[in-house]
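My notes follow the order in which I looked.

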Amino acid sequence: GYSMDNLMSFIGRAQKSIRIENQYLKEKTIIELLKEKAIEGVKVQAMVSSLCSFGRPRDPKSSRALFEGFDDAGVNVRMFTSSMKVGGKPGYLHAKAIVVDDKEAWVGSINVSDTAMKSNREFGIFFSNPADVQRLKKIMDADYSDPNSETWEESLRCAKDVAKRGRR
């Protein structure tokens, strides 16, 4: 689809780094490309919503396989939890953004899912204005290094999320 080709090309151009924040990572072609880039030596940093955002993970086995694959390839993953604050309130990651080589960025509505990539009407914009790219990079780095983010292993146990939202 239209979204897939443009995002694959954009991610594929990375030489030094890829930062991605997305509600989730489920589309296999993008997942494989992120892993390939990490194996090539590109620093890949991904942040996705906690596996416990809406209760206990429904498919822990598949989540474990996905994130172990990222670990094996060298993709650095953190989970965005409700312990992280957005506007002073418990947060949720609904963002869809990518920064490549700290020089180019993309922001849009496209989740990394089969449906979003191939079936939905989605929009996104690529930009390279240095001030705008740096502003986005700064937000993404702050989220990634937030002490209330968690590893995927912690997220499987709902270490910092479900207890804060009161859902079990």
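The entries below go from the whole chain to single residues.

**Ground rules**

I am working with a predicted model, in which local features need pLDDT of at least 70, side-chain atom pairs count only at pLDDT 80 or more, and totals for chains, interfaces and linings use all residues. I number residues from 1 along each chain as its sequence is written, and side-chain values use heavy atoms, with hydrogens and water left out.

**Whole chain**

I looked up the secondary structure and found seven helices and eight strands in the protein chain. Helices (H or I, at least four residues) and strands (E, at least two) are DSSP runs, numbered from the N terminus. The radius of gyration is 15 Å, close to the 15 Å from the globule rule for 168 residues, so the chain is as compact as a globular protein of that length. That radius is taken over C-alpha atoms, and the rule is 2.2 Å times the number of residues to the power 0.38. Along the principal axes, the C-alpha atoms fill a box of roughly 40 × 35 × 35 Å.

I then checked burial, where buried means under 20% relative accessible area, exposed over 50%, and partly exposed in between (1.4 Å probe, protein chains only). Buried residues account for 48% of the 168 residues. The chain exposes about 8,800 Å², and carbon and sulfur atoms supply 50% of that area. Accessible areas come from the Shrake-Rupley method with a 1.4 Å probe; for residues, only the protein chains shown count as cover.

For contacts (heavy atoms within 4.5 Å), I took residues at least 6 apart in sequence; 74% of these contacts join residues at least 24 apart.

**Core**

Which residues have the most contacts inside the largest nonpolar core? They are Phe70 and Ile98, in a core of 33 residues. Helix α2 (residues 28-39) gives the most to this core, with five residues. I also noted a second, separate core of six residues, among them Ala97, Ala105, Val133 and Leu136. A nonpolar core here is a set of buried Ala, Val, Leu, Ile, Met, Phe, Trp, Tyr and Cys residues joined through side-chain atoms within 4.5 Å. In soluble globular proteins, nonpolar side chains tend to be buried together.

I listed the partners of isoleucine 98, leaving aside neighbours within four places in sequence; they include Leu7, Phe10, Ile11, Trp106 and Met140, and also Arg19 and Glu104.

**Disulfide**

I found one disulfide, which joins cysteine 52 to cysteine 158 with S to S at 1.9 Å. The pair links distant parts of the chain, 106 residues apart: cysteine 52 is in the loop between β2 (43-49) and α3 (60-73), and cysteine 158 is in the loop between α6 (152-156) and α7 (162-165). The cut-off for a disulfide is a pair of cysteine sulfur atoms within 2.5 Å. The torsion about the S-S bond is about -80 degrees, so the disulfide is left-handed. Both cysteine 52 and cysteine 158 are buried, the latter at 4% relative accessibility.

**Positive phi**

Most residues other than glycine have a negative phi. Cysteine 158 has a positive phi, near 60 degrees. Aspartate 101 also has a positive phi, of about 55 degrees. I placed aspartate 101 in the loop between β6 (96-100) and β7 (104-108), buried with a relative accessible area of 17%.

**Serines and a lysine**

- Serine 53 lies in the loop between β2 and α3 and is buried at 3%; a polar atom of its side chain is 3.0 Å from the backbone oxygen of serine 50.
- Serine 83 lies in the loop between β3 (76-80) and β4 (85-86) and is buried at 10%; a polar atom of its side chain is 2.5 Å from the backbone oxygen of lysine 160.

Is serine 145 buried or exposed? Serine 145, in helix α5 (residues 130-145), is exposed at 54% relative accessibility. Lysine 28, in helix α2, is exposed at 63%.

Conventions
A polar contact is a pair of N or O atoms within 3.5 Å; within protein, one must be able to donate a hydrogen and the other to accept it, and residues adjacent in sequence count only if both atoms are side-chain atoms.
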